Amino acid sequence: MNKMTPEQFLVDLQAHAATFAKAVATNEGEWIIKGFIDIYQRIYTISVDTKIVSKVLELLLFPMFVKFSKDRALKLELCPQQNFYPDLSFTHPPSGQRFAVDIKSTYRENPEEANGMTLGAFTGYFRERESKKNTLYPYNQYAGHFVLGVLYSKCDDVADERKQFTLDELAQIPSVIKDFQFFAQPKYRIASWRPGSGNTKNIGSVTKVAQLINGMGPFAALGEQVYDDYWMYYLTRDMAEALKVKRPYTNLKEYLEYKKRGIETLTAHEKDIVKMAEQEKPVKEEEPD
């Protein structure tokens, strides 16, 4: 294959993601990870803490992504440091096309709602798209930005975290999570218009399970350009206070009003504006010292 499009990459990623559940769960749907073991073969049960669960899930999935890249002749690179973007970079050598994949996981609150995910920063590399700060490659060098999502449910019956187990007792240790569902979607299609939590500078995801699985968030219909524009100019309360300005918008309704402001007047005078631009003499910019 001489060229790989973002659409083709997504189809391949979704097909591969459909096989992940069997690799991380028992036939009964419970997580195959029971805890951590030391050199004396003592087992310490794993916590249901979301950060620990997310990290262990990443470690389980990495070998599967290696297979995914080999099967499709893609070059796979992991993020070089913690908090770098993205988790995985795939490059198609013949075309040079590059794709970013972040692994995100969250638990179900109920069958229809999930707790939600943070989808990465809307400052830094997201706005300075030619910068390499905190990203393996500049944001604009990726042809597509995707999320490999993991939904799971917490188990009711979990072991006492203070208790140790032996290898002989392995089968008695209950799993802390179960019922995995994997999905892959372009990041913008599952993004919300709200930050991840509180005053954070991270993009939040939608929380309805059907929207996550099917990529039907508010920006799915609006498109990636609107998603980019919305989040590139979004200000949290703290950001606005630091700049001593009023927040231009805090949701999509206010964003629409903000974008419409003055557009009718500009449109009515479009011909005059074009004419003035044509008549205007170019101004030579001063060279910096």
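Me: How many aromatic pairs does the structure hold?
Reply: The structure holds 31 aromatic pairs. Rings of Phe, Tyr and Trp (its six-membered ring) pair if their centres lie within 6.5 Å; planes under 30 degrees apart count as stacked, over 60 as edge-to-face and the rest as tilted. This is a predicted model, in which local features need pLDDT of at least 70 and side-chain atom pairs count only at pLDDT 80 or more, while totals for chains, interfaces and linings use all residues. Residues are numbered from 1 along each chain as its sequence is written, and side-chain values use heavy atoms, with hydrogens and water left out.

Me: Why is the pair of Tyr 85 and Tyr 125 called stacked?
Reply: The ring centres of Tyr 85 and Tyr 125 are 5.0 Å apart, within 6.5 Å, and their planes stand at 15 degrees, under 30, so the pair is stacked.

Me: What makes this a link between distant parts of the chain?
Reply: Tyr 85 is in the loop between β3 (75-78) and β4, and Tyr 125 is in the loop between β6 (118-121) and β7, 40 residues apart. Strands (E, at least two residues) and helices (H or I, at least four) are DSSP runs, numbered from the N terminus.

Me: Why is the pair of Tyr 85 and Tyr 142 called edge-to-face?
Reply: The planes of Tyr 85 and Tyr 142 are at 75 degrees, over 60, and the centres are 6.3 Å apart, within 6.5 Å, so the pair is edge-to-face. Tyr 142 is also in the loop between β6 and β7, 57 residues from Tyr 85.

Me: How do you know whether Tyr 85 is buried or exposed?
Reply: Buried means under 20% relative accessible area, exposed over 50%, partly exposed in between (1.4 Å probe, protein chains only). Tyr 85 has 2%, so Tyr 85 counts as buried. Tyr 125, with 11%, is buried, and Tyr 142, with 6%, is buried as well.

Me: Is Asp 12 buried or exposed, and why?
Reply: Asp 12 has 13% relative accessibility, so Asp 12 counts as buried. Asp 12 lies in helix α1. Not counting residues up to four places away in sequence, Asp 12 touches Met 4, Phe 68 and Arg 72, where contact means heavy atoms within 4.5 Å.

Me: Why is Lys 246 called exposed?
Reply: Lys 246 has a relative accessible area of 75%, which is over 50%, so Lys 246 is exposed. Lys 246 sits in the loop between α8 (237-243) and α9 (252-260).
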